[in-house]
Amino acid sequence: VQLQAFGGGLVQAGDSLRLSCVASGRAFSRDATAWFRQAPGEEREFVATISWSGHTTLYGDSVKGRFTCSRDNTKNTVYLQMNSLKPEDTAVYYCAGTGYRHPSRNWYTSSQSYNDWGQGTLVTVSS
């Protein structure tokens, strides 16, 4: 599956932004999809993941309560609603997908679990 992330931009601290990840190719609706981010000089960080059905979501500790991940399988799109943005949220955001089913929920928080990646979209939060 091919993934494309959209919606990044420059915002001020406290603002909101919504990212979209649009998929094409195989049955995306069967894939768990995640968002990761990477700031300059930092390792890639888990942000959120959502199950293929949309019923289960997991979030990284740094974004819990501020970010919400959702999906619309009729549009082959996964969203990341980001509220109360902070300067430390500045990073390139990537979406990733996997069709593999794993019994451990923590497995879905690792970047190594995902085999399909989008190109990334830059989010910059000014103070």
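**Cysteines and aromatic rings**

Reader: Is cysteine 21 buried or exposed?

Author: Cysteine 21 counts as buried, with a relative accessibility of 0%. Please note that this is a predicted model.

Reader: And how about cysteine 95, buried or exposed?

Author: Cysteine 95 also has 0% relative accessibility and therefore counts as buried.

Reader: What do cysteine 21 and cysteine 95 form?

Author: The two residues form a disulfide, in which the sulfur atoms are 2.2 Å apart. The link is right-handed, with 70 degrees about the S-S bond.

Reader: Which strands do the two cysteines lie in?

Author: Cysteine 21 belongs to strand β3 (residues 17–24) and cysteine 95 to strand β9 (residues 91–98), so the pair ties together parts that lie 74 residues apart in sequence.

Reader: How many disulfides does the count come to?

Author: The count comes to one disulfide.

Reader: Turning to the rings, how many aromatic pairs does the structure hold?

Author: There are six aromatic pairs in the structure. One of them joins phenylalanine 36 and tryptophan 117; this pair is tilted, at 5.3 Å centre to centre and with 45 degrees between the planes.

Reader: Where in the chain are phenylalanine 36 and tryptophan 117?

Author: Phenylalanine 36 is in strand β4 (residues 32–38) and tryptophan 117 in strand β10 (residues 116–117), so the pair links distant parts of the chain, 81 residues apart. Phenylalanine 36 is buried, with a relative accessible area of 1%, whereas tryptophan 117 counts as partly exposed at 28% relative accessibility.

Reader: What kind of pair do tyrosine 94 and tryptophan 117 make?

Author: Their ring centres are 6.5 Å apart and their planes stand at 75 degrees, so this pair is edge-to-face. Tyrosine 94 in strand β9 and tryptophan 117 in strand β10 are 23 residues apart, and their pair links distant parts of the chain. Tyrosine 94 counts as buried, at 16% relative accessibility.

Reader: Which residues form one aromatic cluster?

Author: The cluster is formed by Phe36, Phe46, Tyr94, Tyr114 and Trp117.

Reader: What lies over the face of tryptophan 117?

Author: Arginine 44 does, at 4.7 Å from the ring centre.

Reader: And which ring does arginine 30 sit over?

Author: The charged end of arginine 30 sits over the ring of tryptophan 52, 4.4 Å from the centre of that ring.

Definitions and conventions
Residues numbered from 1 in each chain as written. Predicted model: local features only at pLDDT ≥ 70, side-chain atom pairs only at ≥ 80, totals over all residues. Heavy atoms only, no water. Disulfide = S-S within 2.5 Å. Helix = DSSP H or I, 4+ residues; strand = E, 2+ residues; numbered from the N terminus. Buried < 20%, exposed > 50% of the residue type's maximum accessible area, 1.4 Å probe, protein only. Phe/Tyr/Trp six-rings, centres within 6.5 Å; stacked < 30°, edge-to-face > 60°. Lys NZ or Arg CZ within 6 Å of the ring centre and 35° of its normal.
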